[in-house]
Amino acid sequence: MDTLIDVRNLTTVFETEQGGSRVVDGVSFHVDSAEAVGLVGESGCGKSVTALSIMRLISSPGRIAGGEILFEGRNLLALSEKEMRKVRGNKISIVFQEPLTSLNPVFTCGEQVREAIALHQKVSRSESKTRAIEMLRLVRIPDPEKRYGAYPHQMSGGMRQRVMIAMALSCEPRLLIADEPTSALDVSVQGQVIELLCELQARLRMAVLLITHDLAVVAQMASRVIVMYAGSIVEEAPVRELFDATAHPYTQGLLGSIARLGQRSGPLSTIPGNVPDPFGLPPGCRFSDRCPRRFEKCSSAEPPLIDISPAHRSRCWLCGGRG
Amino acid sequence: MNILEAQGIRKYYRSSAGLFFVTSPVVRAVDGVDLTLEKGKTVGLVGESGCGKSTLARVLIRLEEPTEGSIRLGGADFLALRGGELRKARRRIQMVFQDPYSSLNPRLSIGSTIAEGIRIHKLARGAEVKERVSRLLEKVGLPSSASAKYPHEFSGGQRQRIGIARALAVEPEVLIADEPVSALDVSIRAQIINLLEDLQTEMGLTYLFIAHDLGIVEHVSDVVVVMYCGKVVEQAPTGDIFREPLHPYTAGLIASVPVADPALARARAAIPGDVPSPVNLPSGCAFNPRCPRVMDICRIERPDLIQLGAGRLVRCWIHQKKA
């Protein structure tokens, strides 16, 4: 499998009155062509900022302070804004969480999909409209010719998210970043959107970077999972291995705190404390102050990502390694 | 013993009359709901956005007056109360809101927020108020030093603890929790659920727990009530409803819960389509356009809520014929 995007040592900093906050701190990972990778973590862990950094959509007071993002062999961070515009929305596109605020309320949904096509492809107006209708059909919006003229407020949340997906896929991207694509949707509609994304990923052979806090969504869609905590990657593994042989205590805590159907007995297991704020990181391992299995070494030195098996890495001293 | 009995609750809203239309459509947000809360037990109220679950909660604590129906709180007619008597009765039923950010006054210290109810209901005076506030904070797992701080100094999970302390300050018997954990991070959700369960055991509280996360509902509830388009479609003891859901909507909701296990996971779109528009409900059973087991009669006539076995209610023609 060939590597499509290779993020190396990405660091994104937000300048605040208290100084620079490293919201993404030396993150490295890759996504292969046609692969679905889940990027998981809680609010503030840096998962969305990682996505926005890939799209180069970080604006002041944030800035990308270091690292490389190699996409099809080219470093996106070295491109001019004009060159980047040819990549953004064309070869890499993104679907955001909230479809209502992501769509322009004064243009019809079809027109917004058509615009995305016209922006990147040299086609006539009528041709771009035909393609936009095809895209609406692809994401299974019923009666696409008629719904082309519907405004965002005339559609349900699930339908709006389909329009967003149609727009993102209109230029046949190599990589689709889906940032919490189902979190704002109802339970019954969530399943529909996940199923659609799975099907389109296989059919269009595109890579997907699925950003979510929901491990159940990851279990359904991703073949590999990356877990982030407080700005850095703490575990990375093929999806089955992550669930069956969870290595990092944080991932174990996340999995344990899910209230699962059919498992009703006793109190839920929890992770004590709160996600640390970026200026209050504990010394050593970032998770050490909440970790039920910490020992002395954890608060003196931050562990590296340690290889457990060829594709499984964990940032934890329990996994061995020299310190 | 039943602490709260609501019967035939209806709440209709007239959607704003359009500029050019003389007749404005009526939204039946809650359309004839009976609900009983038994002392010390938890009723889980489930449904998708727009099903009327939050409106019902607001009617039950008289933030909204029902269009029709009766509510008995501890045997007395709650809806007949006015002025001072109403204020006295409000103490017995309190609410915890979904969003811990917007539901706390940013200009009030935590101590003042919690003390407000104690003062209004004259439950304590002078130094005793402060002492009560400290005790409440301790009860919800916060240090008493939190009293002098302001909401922005706390994380989402801590704010939700403050919201719970505020609700408990007036020594209520019934707590209505409207999506109390859906705005929180995964690792924090379990903490709040465990806290609510501990408080229930300790203080003998009665809960109405509103949520869309079925895993959590199964975990906390004794009885589950499922609403769709303003009506109860199924009600049953928790064990029964998850083992053998009778209504196709309940079955679909359960099947569409993503499973956090890649071995079992597959993308599921168990219920096709979207929740219908509240101003334009389908004729007959409101669920019929999405129902996999739809029959002719479902499109014509509305099914009644009928009893099938102990504590099991269902509104569906499939079961109506057998009954």
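Hi everyone. Let me start with a definition: a residue is buried if 20 or more other C-beta atoms lie within 10 Å of its own, with C-beta atoms placed from the backbone. Please keep in mind that this is a predicted model.

With that in hand, let's look at helix α7 of chain A. Its buried residues are Gly158(A), Met159(A), Arg160(A), Gln161(A), Arg162(A), Val163(A), Met164(A), Ile165(A), Ala166(A), Met167(A), Ala168(A) and Leu169(A). That makes 12 of the 13 residues of α7(A) buried, so the helix is largely enclosed by the rest of the structure. What covers these buried residues? The cover includes strands β6 (92-95) and β7 (175-179), together with helices α3 (99-102), α4 (109-120), α5 (125-138) and α8, of chain A. The geometry checks out too: at 1.5 Å a residue, the 13 residues of α7(A) should span 18 Å, and the end C-alpha atoms are 18 Å apart, which agrees.

Now to the meeting of the two chains. Here 42 residues of chain A are in contact with 41 residues of chain B. On the chain A side, the elements giving two or more residues are α7 (157-169), α8 (187-204), α9 (215-221), α10 (239-244) and α11 (249-256). Which of them gives the most? That would be α8(A), with 9 residues. By class, the chain A side divides into 21 nonpolar, 15 polar and 6 charged residues.

Over in chain B, there is a helix pair to look at. The axes of α3 (residues 110-120) and α5 (residues 156-168) of chain B come within 7 Å and cross at roughly 25 degrees. Angles under 35 degrees count as roughly parallel, and that makes α3(B) roughly parallel to α5(B). From α3(B), the contact uses Ile110(B), Thr113(B), Ile114(B) and Gly117(B), while α5(B) brings Ile162(B), Ala165(B) and Arg166(B). Sorted by class, this contact has 4 nonpolar, 2 polar and 1 charged residues.

Next, a sheet in chain A. It is an open one of 4 strands, in the order β2-β1-β4-β5, with antiparallel pairing. Strands β2 (19-32) and β5 (74-75) stand at the edges with a single partner each, so one side of each is left without a neighbour in the sheet. Strand β1 (residues 3-16) pairs with β2(A) over 11 bridges, and Asp6(A) has His30(A) in β2(A) as its bridge partner.

Last stop: Pro304(A), in the loop between α12 (296-300) and β11 (306-309) of chain A. With 13 C-beta neighbours inside 10 Å, Pro304(A) counts as partly exposed. Its C-alpha atom is separated by 9.3 Å from that of Cys285(A), 19 residues apart along the chain.

Definitions and conventions. Residues numbered from 1 in each chain as written. Chains lettered and ligands numbered in written order. Predicted model: local features only at pLDDT ≥ 70, side-chain atom pairs only at ≥ 80, totals over all residues. Pairing = 2+ DSSP bridges. Contact = placed C-beta atoms within 7 Å. Nonpolar A, V, L, I, M, F, W, Y, C, P; charged D, E, K, R; others polar. Expected span 1.5 Å × (residues − 1). Axes fitted to C-alpha atoms, helices over the stretch in contact; angles between N-to-C directions. Parallel < 35°, antiparallel > 145°, perpendicular 65-115°, else oblique.
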